[in-house]
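User: I would like to learn how to read a few features of a protein model. Please take them one by one.

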Amino acid sequence: VSRPLQELSPVYVIGVGLHPYQKASATPYTALGVAAVRAALADAGLDWDNIEVAYTGTATTAMGLSRLMYRHLGATGIPTAQVENASASGSTAFRQACIEVGAGLSDIAIAVGVDKPLMFSSPQRAAGLHDLAGSRVAPFTHFALLANRYMHDHHATPEQFGLVAVKNSRNGALNPNAQRQKARTLEEVMAPPQISGPLTRLQCCPIGEGAAATIVVSEEGIRRYGLDASRAVRVLASASRSETVYRNENFDAALTRETTTQALADAGITAAELDVIELHDAFTVEELLYVEAMGLCPEGHAADALEAGEFDIGGRIAISPSGGLLSMGHPIGPTGVGQICEIVTQLRGEAGARQQTGARTGLAHMVGVGAVCLVHILHRSE
Amino acid sequence: VATVHHYPGKDIVAPFTMAEVQLDDGPLIRATLVDVVEASAIGNRVEGDWVQIDDDQTFELRFSVDVS
């Protein structure tokens, strides 16, 4: 019998921490991860010894990397595991931590995301599969094809895609943890180099390195350690789906629609009740596709809504106030965990210059190679 | 249809054009488009042809706009 997270014991995020996302450097992954974990522990008011289980989202660094990283904090004998789910690795680690606490197996769990861009593998290559397109349809070309399809179907313009990057660069400029911290004009975004189709370099996310950590607790955990319940953010829903057969439908949008619908139903809310969203905007066209798939505006209307400022900080709903993957960056393993960090910070009212005023309910959305999608909904009461 | 400007592979030189092709029998595939002209736009009919891609007996199915 399938049960939603909300039917388990209440789960809260009590601590968040990040190591800034950045270009690949000589910094060891252990230093990135430990910095994020220590920041999350300090934010929660906990010690490493209090952590009962650790899930680490990672995809591009090394096999079994937790061991060296957690040694720096103390080998306490807790269960640890790496979680690989492509771009959604961190989101899946967070989901596992929520399930562990919701099911009553642990009272305090940590979900960490850490990666350096050291190794990228292709499942098709590993399986010995070949097709007509082969490696010629890299992710940016996959989304360039979707962008041209969107322009054809909805009479959108390349500049309207560019406005996604303008908005998210403006947000990223307010985020000290973002890899790209420079606000860009539309002229800058549309300038060469052209990568594929209408997508320019600044419409594609940077792949770098970094780390993020979130600490998840039960109500018993909050009581036991005297934690500040006023800063606890409830996890209302955790939905995780994989692809099915979509025939000729846009499968990225379809999978997002299905997963978001499930998460909203599990949380018992509608899309209109969301105040802030962090979504998988690895390429500009994705933001338009996904806000429509989530039901935030009718199909074909996202570009107009974006131009009208509805998705700005201070708009109807803030989309990717962190800067999103486009500006905060996409170090793979940390990305989904970092989204939770931003949502929690927003719902606590602690986001400073990029604060969405009055934010109470937020959604984090990640996809992994188009084959998996995870959506988490978080809420903080008055 | 999308023209690829950045490609690290060695099997084809950028820029080249990729397209989603709806086959008459139903399936949607992705393939390389050649002889790209203004009519190489979404909705126009294309036809497949076997193109020799090296000196060996290696052929690849590529598509071009059906001008007939």
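**Helices, loops and rings**

Analyst: Helix α10(A) is mostly covered, with 10 of its 10 residues buried. Helices (H or I, at least four residues) and strands (E, at least two) are DSSP runs, numbered from the N terminus. Buried means under 20% relative accessible area, exposed over 50%, and partly exposed in between (1.4 Å probe, protein chains only). This is a predicted model, in which local features need pLDDT of at least 70 and side-chain atom pairs count only at pLDDT 80 or more, while totals for chains, interfaces and linings use all residues. Residues are numbered from 1 along each chain as its sequence is written, chains are lettered from A and ligands numbered from 1 in the order in which they are written, and side-chain values use heavy atoms, with hydrogens and water left out.

User: Which residues of α10(A) are buried?

Analyst: Among them are T284(A), V285(A), E287(A) and L288(A). Just after α10(A), G295(A) has a positive phi of about 85°.

User: How is the packing of two helices described?

Analyst: Two packed helices are described by the angle between their axes and the distance between the axes. Here the axes of α6(A) and α10(A), residues 284-293, come within 7 Å and cross at roughly 95°. Axes are lines fitted to C-alpha atoms, for helices over the stretch in contact, and angles run from 0 to 180 degrees between N-to-C directions.

User: Which residues of α6(A) and α10(A) meet?

Analyst: F161(A), V164(A), A165(A), K167(A) and N168(A) of α6(A) meet T284(A), V285(A), E287(A) and L288(A) of α10(A). Contact means heavy atoms within 4.5 Å. The residues of this contact divide into five nonpolar, two polar and two charged. Ala, Val, Leu, Ile, Met, Phe, Trp, Tyr, Cys and Pro count as nonpolar, Asp, Glu, Lys and Arg as charged, and the others, Gly among them, as polar.

User: What is a disulfide, and how many are there over all chains?

Analyst: A disulfide is a covalent bond between the sulfur atoms of two cysteines. The rule asks for a pair of cysteine sulfur atoms within 2.5 Å, and the count over all chains is zero. For C204(A), the nearest cysteine sulfur, that of C205(A), is 7.4 Å away. For C373(A), the nearest is that of C98(A), 16 Å away. C204(A) is buried at 9% relative accessibility, and C373(A) is buried at 0%.

User: Where is a positive phi found in a residue other than glycine?

Analyst: H155(A) has phi near 55° and is in the loop between α5 (139-154) and α6 (158-172) of chain A. H155(A) is exposed, with a relative accessible area of 69%. I332(A) has a positive phi of about 75° and lies in the loop between α12 (324-327) and α13 (333-348) of chain A. I332(A) is buried, at 8% relative accessibility.

User: How is a pair of aromatic rings described?

Analyst: The description uses the distance of the centres and the angle of the planes. Rings of Phe, Tyr and Trp (its six-membered ring) pair if their centres lie within 6.5 Å; planes under 30 degrees apart count as stacked, over 60 as edge-to-face and the rest as tilted. The whole structure has four aromatic pairs over all chains. One of them is Y7(B) with F16(B), edge-to-face, at 5.1 Å centre to centre and 85° between the planes. Y7(B) and F16(B) are both buried.
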